[in-house]
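Please look over the sequence and the model shown here before reading the report that follows.

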Amino acid sequence: MTSSIYGPSSSASYRPFPSTRHNWHSQFCFICYIFFSLSFLRMSQGRGSAVATLMVMSLLVLLYCEVAEAATYTVGDAGGWTFNVVGWPKGKRFRAGDILQFNYNPSFHNVVGVGKVGYSTCKTLRGAKVYQTGNERIRLVKGQNFFICNFPGHCESGMKIAVTAV
Ligand SMILES: [Cu+2]
């Protein structure tokens, strides 16, 4: 297993609980924001180019924070990707770039990325992407993201989710 400054890599490990955005990271971004604001103030008071450099650097780190702050959500929480998860996204606010972690037994389930029609009719149309490792990390795109399990009858039993990412 590999580790990074973000802690142990989670791609191979089962994560029973939904993880949210890291707190230290938010604090880090807040500090960058303060730096940026201060630099901007100095700038408007007509200080030198060192301030401008600081300002640009802070801005870059801020942009980095925007990208790096993606959250990982475990679909179905502790229950995982299973029947009746259809209501799981309700009340959650997803952003483009956030990751959905699907945990399930690949002998009994899969994950299929579908369109709106595939979602509402529980049909896997041509071109649909089928995931079947039992441990998927899928990045949300902006707009609507639809996933179903296409084992016979599963989608009809609420094994499907529609997630809107802003
Ligand atoms: Cu299934």
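A residue is called buried if 20 or more other C-beta atoms lie within 10 Å of its own, exposed if 12 or fewer do, and partly exposed in between, with C-beta atoms placed from the backbone. K123 counts as partly exposed because it has 15 C-beta neighbours inside 10 Å. K123 lies in the loop between α3 (116–121) and β6, where helices (H or I, at least four residues) and strands (E, at least two) are DSSP runs numbered from the N terminus. The C-alpha atoms of K123 and I148 are separated by 8.8 Å, although these residues are 25 apart along the chain.

This is a predicted model, in which local features need pLDDT of at least 70 and side-chain atom pairs count only at pLDDT 80 or more, while totals for chains, interfaces and linings use all residues. Residues are numbered from 1 along each chain as its sequence is written.

Four strands form an open, antiparallel sheet in the order β6-β5-β8-β9, and two strands pair if DSSP finds at least two bridges between them. The edge strands, listed below, each pair on one side only.

| Edge strand | Residues |
|---|---|
| β6 | 129–131 |
| β9 | 160–165 |

Strand β8 (residues 143–148) runs antiparallel to β9 and is joined to it by six bridges, and Q144 stands opposite T164 in β9.

F102, leaving aside its neighbours within four places in sequence, is in contact (C-beta atoms, placed from the backbone, within 7 Å) with V75, W81, V111, E136 and I138.

Notes: Contact = placed C-beta atoms within 7 Å.
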